[in-house]
Every structure is written in C-alpha cells, then in structure tokens.
Amino acid sequence: MSDLSQLYQSVILDHNRNPRNFRSLEEADGRADGYNPLCGDKVTVWVKLDGDQIADVCFKGEGCALSKASASLMTTAIKGKTRSEIEQLYSLFHELVTGELGAEVPREQLGKLKVFSGVAEFPSRVKCASMAWHALQSALKASNKETDLNPDGESSNAV
C-alpha cells in the first residue's frame with residue numbers, strides 16, 4: 001500500500017472512530033434522514049443557518065466506516081460555507097467518488113475530502129460515501145420548505 005493510501009485510510013479510520021459533529025441539534029432549521037438499504041447505513045443530518053451560511057451542522061447515524069467518516073468530514077468542510085459554495089463542493093465530491101473527475105483537483109478545492117478519491121474504484125461504495133451529502137441537500141431544502149424527508153425520500157412533518 002502506498003504512503004498516500006495509508007494516509008487516506010488513517011484519516012477515514014480516525015473520522016470513523018472519532019467522528020466530528022456527531023450529535024443532534026434541537027434548534028435546527030432543517031433536518032433530513034438518509035438510508036442505504038443495500039448495506040443498512042443510516043444517517044440524520046441537521047443544519048442551522050445564519051442567512052445563507054451554515055452556522056452549525058451535525059449528524060448522527062450508524063453504518064460502515066466510509067459512511068460515518070464521510071459525514072464527519074462533510075460537516076467539518078461545510079461549516080461557514082454558503083449554499084452556493086456547498087453545491088460546488090458537493091459537485092466536486094460527487095465527481096471524485098464516481099470517477100468522473102477529469103484532471104487532478106487542487107487540494108484547496110476539496111481539502112481533506114480528497115481522501116475519498118479511491119471510492120471510485122469500488123462503485124458499490126459510492127452510496128456509502130455520498131449518503132450524508134444527499135441528506136445534507138435534503139436538510140437544506142427542508143430549511144426552506146419547513147419539511148423533512150423520511151428515509152424513503154417522502155415528505156413528512158416539519159422539524
């Protein structure tokens with residue numbers, strides 16, 4: 001295993017063992033659940049906004065190391081960012097994990113999220129890495145509509 005692969009693996013394992021922002025948020029503006037029926041991963045993401053900017057974001061859930069580490073790294077990467085910045089970051093991240101990213105992306109654009117570059121080699125794991133991101137997008141939409149999405153993606157009561 002290359003030194004870079006070992007580094008990436010250690011970052012993912014660290015965020016799995018010691019996830020950042022692993023808590024619930026009662027005063028959230030939006031909340032959404034994610035569920036991967038293929039492997040049983042579950043996540044709930046909460047967002048608190050200050051205008052168009054993420055003031056706080058957190059998650060709770062259970063699942064594989066990849067899904068928990070992805071949620072942890074996602075929450076640390078998006079705090080303080082605007083919705084537009086998050087959309088750009090999600091697009092880059094999704095291209096990275098699906099193998100659609102052409103040229104090498106500068107580290108400053110993805111930061112630590114670049115540790116998920118190897119996911120593209122395992123298509124069955126893409127959903128594990130991206131589930132929290134999809135829940136985040138639903139939570140941001142819920143903050144506008146005051147609705148929440150259940151694990152089946154159907155609207156339910158406001159948060």
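Modeller: Helices (H or I, at least four residues) and strands (E, at least two) are DSSP runs, numbered from the N terminus. The model is predicted, so to speak of local features a pLDDT of at least 70 is needed, side-chain atom pairs count only at pLDDT 80 or more, and totals for chains, interfaces and linings use all residues. Residues are numbered from 1 along each chain as its sequence is written, and side-chain values use heavy atoms, with hydrogens and water left out.

The chain holds five helices and five strands, and along the sequence they follow the pattern α-β-β-β-α-α-α-α-β-β. Of its 159 residues, 41% count as buried (under 20% relative accessible area; exposed is over 50% and partly exposed in between, with a 1.4 Å probe and protein chains only). Among contacts (heavy atoms within 4.5 Å) between residues at least 6 apart in sequence, 57% join residues at least 24 apart.

With 14 residues, H2 reaches 20 Å from its first C-alpha to its last, close to the 20 Å expected at 1.5 Å a residue, where the expected span is 1.5 Å times one less than the number of residues. H2 is mostly covered, since 10 of its 14 residues are buried, and the buried residues of H2 include Leu66, Ala69, Ser72, Leu73 and Ile78. After H2 comes Gly80, whose phi is positive, near 85°.

If we set aside the neighbours within four places in sequence, Leu66 is in contact with Ile12, Phe116, Val119, Arg125, Cys128 and Ala129. Leu66 is also among the residues that touch the most other members of the largest nonpolar core, which has 40 residues, and the others named with it are Val45, Ile78, Leu113, Phe116, Trp133 and Leu136; such a core is a set of buried Ala, Val, Leu, Ile, Met, Phe, Trp, Tyr and Cys residues joined through side-chain atoms within 4.5 Å.

From H5 (residues 126-145) we can pick out Val126. Its C-alpha atom and that of Leu66 are 60 residues apart along the chain and are separated by 9.4 Å. Val126 is buried, with a relative accessible area of 14%, and, apart from neighbours within four places, Val126 is in contact with Val97, Thr98 and Val119.

His15 counts as buried because its relative accessibility is 4%, and its contacts beyond four places in sequence are with Arg20, Lys68, Ala69, Ser72 and Leu73. Further along, Asn21 in the loop between H1 and strand E1 (30-36) has a positive phi of about 60° although it is not a glycine.
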